[in-house]
Structures are given as structure tokens and as C-alpha cells.
Amino acid sequence: MSSHYEAPIRKPLIIGDKNYHDVTVDVARPVEGRANKQWWIAFAISLTAFLWGVASVAYTVGHGIGTWGSNKTVGWAWDITNFVWWVGIGHAGTLISAVLLLFRQKWRMAINRSAEAMTIFSVVQAAMFPVFHMGRPWLAFYVMPIPNQYGSLWVNFNSPLLWDVFAISTYLSVSLVFWWTGLLPDFAMLRDRAITPFTKRVYSILSFGWSGRAKDWQRFEEVSLVLAGLATPLVLSVHTIVSFDFATSVIPGWHTTILPPYFVAGAIFSGFAMVNTLLIIMRKVSNLEAYITIQHIELMNIVIMITGSIVGVAYITELFVAWYSGVEYEQYAFLNRATGPYWWSYWLMMTCNVISPQVMWFKKIRTSITVSFVISLVVNVGMWFERFVIIVTSLHRDYLPSSWTMFQPTWVDAGFYIGTIGFFFVLFLLYSRSFPVIAQAEVKSIMKTSSETYKKLHAAHAHDDHSHSEHNHH
Amino acid sequence: MYTFSSKLKTFAFVLMVLGALGVGYSFFTAPKTLDDAKAIIEAEHAHGHGAEAHGDAHHDDAHHAEAAHDAHAEHAETVVVEKTEAEVAATAHDSVGAAEIKAETDTVHATATAEAGHEGHDHDAHAEAAHAGHDAHAGHEAHAAHDADHHAEHVFHQLQNKPWAAVYVAALFFFLISLGVLAFYAIQNAAQAGWSPVLFRVMEGITGYLVWGAAIVLALLVAGVLQIHHIFIWMDPEVVAHDHLIQGKTGFLNGPFFLIRAVVFMGGWIFYRYYSRKLSLAQDEATDNLSYKKAFKAAAAFLVFFIVTESISSWDWIMSVDPHWYSTLFGWYVFASFFVSGITTIALITLYLKSRGYLEYVNTSHIHDLAKFMFGISVFWTYLWFSQFMLMWYADIPEEVTYFKMRIENYNLPFFGMVALNFVFPVLILINTDFKRLSWIVTLAGIIILTGHYIDFYNMIMPATVGDQWFIGAGEIGAVLFFLGLFIFVVFTTLTKQPLLAKRNPLIEESKHFHY
């Protein structure tokens, strides 16, 4: 892989006086210890929210989709807003594990495991909306091209909603495989440390008999690289396909060619914000500050700042081209966003997505944990509203003024959404107590180049002999 | 220090001279009057050579007849489109809003009345929408005769545009390559990349062309505003006077503002290039990292400026040749095209310099990384190309799909051929790790990629300016040769000015020992 020499200007990624064993112990501690009261409280709240979501979904399926606030004009509202929002959040995980791997970003090693977990859990949430926003969800299997007794009645491959089925299911399965492959050495570590026969058995099964031979490692790395190479186009194409749901239509405000890359940028933006939210808490409660450092948070903030700026450029481009097009429907769609009945959601979106990431230009702000945490929440609110604005404001007023209407969500809409948030946290909380939340094997691989201990050693050594070229061959 | 080999210098001069001859020849043979154009059309019909141009000419006649029948629905929308393709224009009315159609048909009727009885006047080709309306009123007998004139006028203007458009495409292409390299350089600086500092001087050498490229492109833009050529039809007051849609855009598309924007954008890019080069050289002699830190900040600031100005400049310089058409993705699509070309150019020049024994610390790992970027950004370009194309194809909204319909019907081979050159070949060639380390493979892929992206720019400019009168002849090849010669001359001259290895960059040691 990359060279062992690291420039002195690079700051350490593992701080404190840590050796290999310390990494193992620190990563294993939350799994091997017992849950405290706060964990149980958080878990109880999440579970309650989840159960409320289950009730809302049951009510929807039982009584029909009319229990939602959607109407004949606004056929998609919170359901698809939440779907796109969750898929978007899921993108940062793959981005961190795949794209940052391709770009050899060593800082990803402390955060990739949790980011991938976040991907998988949020894609699970997302996947529920396409099923339960159907009028007849029990016929959902019809979207699959399965030979059948209707003279082999087939699906139409021209619909982006069908592409969604393939995109999301492929995305979930590839992410899961990618995540699990990376977990093998870490589960093996937990297996080897297990004291009770039960945990021994569980982690033996989970680790697939990983023994860490040279050949295994060589193949492991190759597989990771290939999967990263596949996951990168996948991550781009999944959110692109989600954007096609809108962009292929002829609705003013939806039909615009910038949507594919702009949705992807928005996904990275909101996904990194979610990773930041989760990791800022996790580093504290699981005592992982030595691995998830301020530098990690700062770098994630920089990614948020960059993708936020890209999203900002896309907003301005859409506005400009709406004017430039000379198409009055297009122009009205944007006028309606800015000054129509949902003006507040548009301006909330603009404030949260365009202005808030710009504060990250100040080093003081992007290295402040409190501010980063607040901004990370603000961004996710903003990105929810971005999807809401795109979907609802384009639908509620389009070509025929006689079809103009408003949208008002019901408690069932809200219940389903809150339920998915609850479910997400149920999964994430369980994960954080049973999985190694930091890829210890990977973190150990950068120990000698990027840990504070070794950096000091290198510096001391370089002081002894002034030859630079010698220095590089440690 | 690098010394410009006299062979390469001679080669660059030969290219420039040959190129200038080709360009001169194409200007010389372009029709000067309408009668010249008619003679050319006659000749084409008689000899039946140039199968495509010939066939299309017939096609075009047929479409004209069709268009005339539909003339009630015709409106100003057709001005540009009809220049290149009448049939599409006939369908275009479906898409425009009801109010607009009403307004526009009113305009057409008004102009048509005004124009009635002005037969024999030397109509400007751009007033065609009015003709269409006029034809409908005048009846079909007059139409046939009139249509031939009409067609000749199209062809006349397209043929007059041809040498200019050829020069413009090549000038823009080489200028944007150096801009793409500048963007890559800024990204490498801002990202604190550890592998690329040994290539910084090569990149700085390539961006040496920026100021020359900018000057030439700017001169061509000024010439457009001064009506010396007609690449941008919205610069013609005659056209604007008859074109409802362009009138709505004059707040943005007007000569002075257009030139001010061009000067500001080019000025900003050139300033960053000058400033970062200065800092890069200062860092060599410094005892601290102050210049390096300044360069880091400058790179970040430039990238912000760049993302905004790059989008707007591609609307200005490329999208506005089709002033009725618009696409929000366009700016990023253009970026991907010249960004990959820029990276490819870095790889090719690095390989050349390495083969001459100049880049001591560059190894196959550096080439491998460049090749990965060539591969990755080629795929990214395809992603954007496909997104833009597929979304318009899928929704099939007449006013925007004309853009692709025109290209598929009249530029079929270049349009789909470039997808093979820019996507299929690079992906197949560069997916193999071992291949990415072989000079000849990277060179081969590089030549394919550069050819493909030249054709990409060709496809963006030509259909709007020369329509179905395109062919790659002396003018096009000459312009490419001329700018290639100039590019080589300027870039390699810049490379001789400073040592090829940045000395005190804090990441240079990482880069020297980079191994992947």
C-alpha cells in the first residue's frame, strides 16, 4: 500500500500513549462490559418510538393510504421525503469506507465501521417507505421480474421506481458484505478474548473462522479494494437513481438534469452530518476520544463544508436556469418555493444547507465539538426540508391551477417517520454494544505512521541523524 | 533544469505553421457570398459526394415543406432550431406554455404581415421564423422557390461559421485543458496530497498556457460581440429582434456583461495561477512553511471561485451557442470533460519528461495514480453525460430534446463515437493495475481520451454553428494542429524556467518515496 514515511506536518490520528494492546482493549471494552443506565434509557425511548412506528404502519396497512396527508395532487409527500432522506444519510457510510479508501485517507479507519453500520441501518429504514407507501403493499413482490402464471407477466423496466428496487437492494447487500468482510478480523479478536462460552460461540460464528494468515490478509485487502471500487460507482448510482424518480418526470421543479450529482452531493452532505452527530456522542460514551479525535471531526466538517457548497452551487444553478429557460412553469415553480405557502420550508432549507456549512471556514468553529454537533443536526433538518421542498412544492402547484392544493401531514405520517428514527436508534444502540465500533485491525495498521507515540519516536530519531533519506526507511 | 529540445521546438513550430495553413485555407475556401454557397450546394448535389451532407440536404428540403404546413404553430422558437433542423422545430411548439405560444404566434403573425411582399429583399437568415409564418400565408406555390433560397442562406451562414467554429473549438479545448490542470493542482494542494508534489512543476508548466489560451479565447469572444463571426447568434441584434425567447435572456446574454464576466473569470484564474506559482517557488528558498500555508489557503479560495465561475463560463461560452436550450447539469458536465483531459495531459507530459530522464523521483506509482484518475474521471464524465442525455431523452420535452435529436440525426458517429472513446476504451484499457504502470498503455489511453474529449467539445459547438454542414477538414485539423503546436511551445518553454522538482514542499519527501 502506501509508503511508511509520513511528513512531519501531518498530525497524529491516534492520540495518547497507545500500543497495539491498548487499541484492542479500548475497542473491546464497550462490547465486553455491561450497559449502563443511560444506554437503557436511550434504548427504551428508541424502542417506544419504534413501536409507535409499527403501530402507524399497521394502521396504514389496515385502513389504507388515505390515513396519510397525501392527496390527489400531492401523491408523494412525507413517505418519499423520508425515503430519500434515509437513503441520503446512508451514503456517507459507503463514502467513508469506499471513497476514502480509494483516496488513501488514513483518518477514515477510526470512523468507517460506525459509518457503514449507519449506512446499513438507514437503508433498512429507507427501504420500508417504498413498500408501505404502496396502496397494496402485500402485492409488493410484483415489482420483481419473477416468472409467473399470468403468461409470465413482466415488470416494465422503464420506471425509475423499479430501478430504485434494484438500486436499494443491491446497495444494501453490497454494503452489508463490505461491512461484514471488514468485521471478520475484529470479530475474531472478540472471539479470542471471550470469557463466556456463549460469547465465544457467538463470535466464533460471526468471525467465520478468521485466523489472520498472511494469505488471508493479502486477499482481504484485495477484496476490500475491489469492493471499494464497486461501491463507489454504486453509491453514486444509487442516489442518482433516487434522483431519477423526480428528474425523469415532466414536473416543473423536478425535471432538471443537475439532480443526479446534486442529490449525491446532498447525500454525502447529510450523511456526514449524521456520522458527526453519532460519533461525537459515541467517542464520549464509549471513551474513544483517542481514536476519534478533533482532527477527525474537523475533517468531517470540511467534507460537510465542501458538499454543502456544492449543494449551494446547485441551488443557485437551478434558480438561474429556471429564469434563463424562459419557461414560465419552471420560473413559477421557483417563485412558489421562495414566496408561496411553503416559503418557510424553502428558507429553512436554504439557511440550514447553504449558510450553516459556511461557518466551517473558520477553524475555531470547525474544531469545536459543540458547534459541530449543533451544525450536524441543523444540516439534517435542512436536508429533510430539501427533499420536502423538492417533492411537495413542485407537486402542490404545477401546470393546472385548478389542481393546486396544499399538503398537511397526519399523525400517521409523523408516526411512521418517528418510528423509523426509533428503529434506527434501536439498531444502532444494539450495534454499539455488540460490535467492535472501531475497525481495530485497520487502526493498528496505521499505528507506526500515524500514532502520537510513534510520531514522537520518529521525531526524536530524525533529530539524532540529520539524513532525511535514511529516516524514510523505518 | 529542463532544456527544451530543439527537435520538439521545431516540431511545435511545424505544427503551428501547418495548422495556420489549414486554418487559412478553410477561411479562404469558405463562401464569401450567397452565390458561392449556392454553387457549393449545386456541386454537392451534382457530384453526390459526401454522402451525409448530400443526404441531409434532401432531408432538409423535405423538412422545410413539412415545417411550412405547420406554420401556424410556428413561432420564434424555431429561429435557431430551424437553422439546423426544421423538422424538430415543427414539433417544438407543443412544449411551450400556452401563454407563450399565444404571445409568440402573435409575434409571428405580426412579423409575417410586415414581411409580406418583401420577397426578393435580402432577408437575414435569422429572420426565418417570420418566413415560416409568411410562407403559410403566401401559399405553397411561392414556397418551393423561396425555400431553395432559404436553404441556400442557411448553408451560406453555416459554411461561413465553419472555419471560425473550428478555431473556437480548438482554442477552447486547449485553454480548458490548462484550466483543468490548474483545478487539479489546486485540489492536490488543498487536499495535502502526499503523492503528487513531485509533479507540481509539471502542472505549473502546463498552466503556463493559461494566459495564452485565455487571451485567444477572449479575442474570439470579443470578435463575436463585434459581429466579426456568428458563432453566438444571440449577439446578432437582428436575431434578437425577432426572437422572443432570446429577448427574455438579454439580461444575461448581452455583449458587455458577457465580456465583463469572461474577463473577471479569466482574470481570477490567471491570478491564482500566477500567485500559486510564486508561492511554490518562494517555498523552495524559504526556511519556514509560510508560503506553503499561503498556497494551501489560496488553493481553497480558488476552488470556491472556480466552482462558481466554471459553471457560468460554460453557460456563456458553450451553452449559449444554442441560446434556446438549457441544462442545469451543463457546467459540471463541461468540467468533467476538461478535467479528465487536463489530468491526461499531465500524465502524457510526465511520461515524456520521464522518458527524457528529467523526473528523477517519478516512478510507476505516480503514473499509476494519474492513470487511476484518468480512469475514474472518465467514468465520472460518462455518468454526467448519461445523466444529462438520459433525462432529456426520457422526459422527451420537445424544447430541450431538440438538442440531442439534432445531434443523433446529424452527428451520429461523433456523438456516440465519443462515448466509446471517452468511456469504453479507457475503462477497458485502464482497469488493469499492471497496465496502468506501462507507459505505452497510458499514452495510448491518453491519446484516445484527448481525441474523445476534443470530439466532445466539437459536438457541443458545431451543431449550433454549422449544423449539418459539418465535416472534419483542413480547418478543424489545422486549428487542432496550430493550438497543439502553441500549447507544446508555451508549456515546454515554461518548464525550462524552473527546476522540475519543488524543493521544500513539506510533502515532497512523501512524494519522492511514494510507492503504491
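Predicted model: local features only at pLDDT ≥ 70, side-chain atom pairs only at ≥ 80, totals over all residues.
Axes are lines fitted to C-alpha atoms, for helices over the stretch in contact, and the angle between two of them runs from 0 to 180 degrees between N-to-C directions.

Helix α8(A) packs against helix α16 of chain B, residues 364–395, at an angle of about 125°. The two axes are 9 Å apart. Angles from 65 to 115 degrees count as roughly perpendicular and those over 145 as roughly antiparallel, so α8(A) is oblique to α16(B). On the α8(A) side the contact is made by P260(A), P261(A) and V264(A). On the α16(B) side the residues are Y383(B), L384(B), S387(B) and L391(B). By type, the residues of this contact divide into 6 nonpolar, 1 polar and no charged.

Helix α8(A) also packs within its own chain. Its partner there is α3(A), residues 78–102, at an angle of about 75° and with the axes 7 Å apart. That angle makes α3(A) roughly perpendicular to α8(A). Among the residues of α3(A) in this contact are V84(A), W86(A) and I89(A), while α8(A) supplies residues including F263(A), F272(A) and M274(A). The residues of the contact divide into 12 nonpolar, 4 polar and no charged.

The size of an interface is often given as the accessible area lost when the parts come together. Chain A and chain B bury about 4100 Å² between them, and 69% of it is on carbon and sulfur atoms. In chain A, the residues that lose the most area to chain B are R104(A), T257(A) and Y324(A), together 18% of what that side buries. The contact involves 48 residues of chain A and 55 residues of chain B.

Five helices of chain A, namely α5, α7, α8, α9 and α10, each supply at least two residues of the side that touches chain B. Of the elements of chain A, α9(A) gives the most to this side, with 10 residues. The residues of the side divide into 27 nonpolar, 16 polar and 5 charged.

Side chains of opposite charge can pair when their charged atoms come close. The count between chain A and chain B is 2 salt bridges. R10(A) and E510(B) meet in a salt bridge, 2.8 Å from N to O. Over all chains, a search of the whole structure finds 25 salt bridges. One of them joins R193(A) and E32(A), whose closest N and O atoms are 2.9 Å apart. R193(A) lies in helix α5 and E32(A) in helix α1 of chain A, so the pair ties together parts that are 161 residues apart in sequence.

How values were computed. Residues numbered from 1 in each chain as written. Chains lettered and ligands numbered in written order. Heavy atoms only, no water. Contact = heavy atoms within 4.5 Å. Buried area = accessible area lost by both parts, 1.4 Å probe. Salt bridge = Lys/Arg side-chain N within 4 Å of Asp/Glu carboxyl O. Helix = DSSP H or I, 4+ residues; strand = E, 2+ residues; numbered from the N terminus. Nonpolar A, V, L, I, M, F, W, Y, C, P; charged D, E, K, R; others polar. Parallel < 35°, antiparallel > 145°, perpendicular 65-115°, else oblique.
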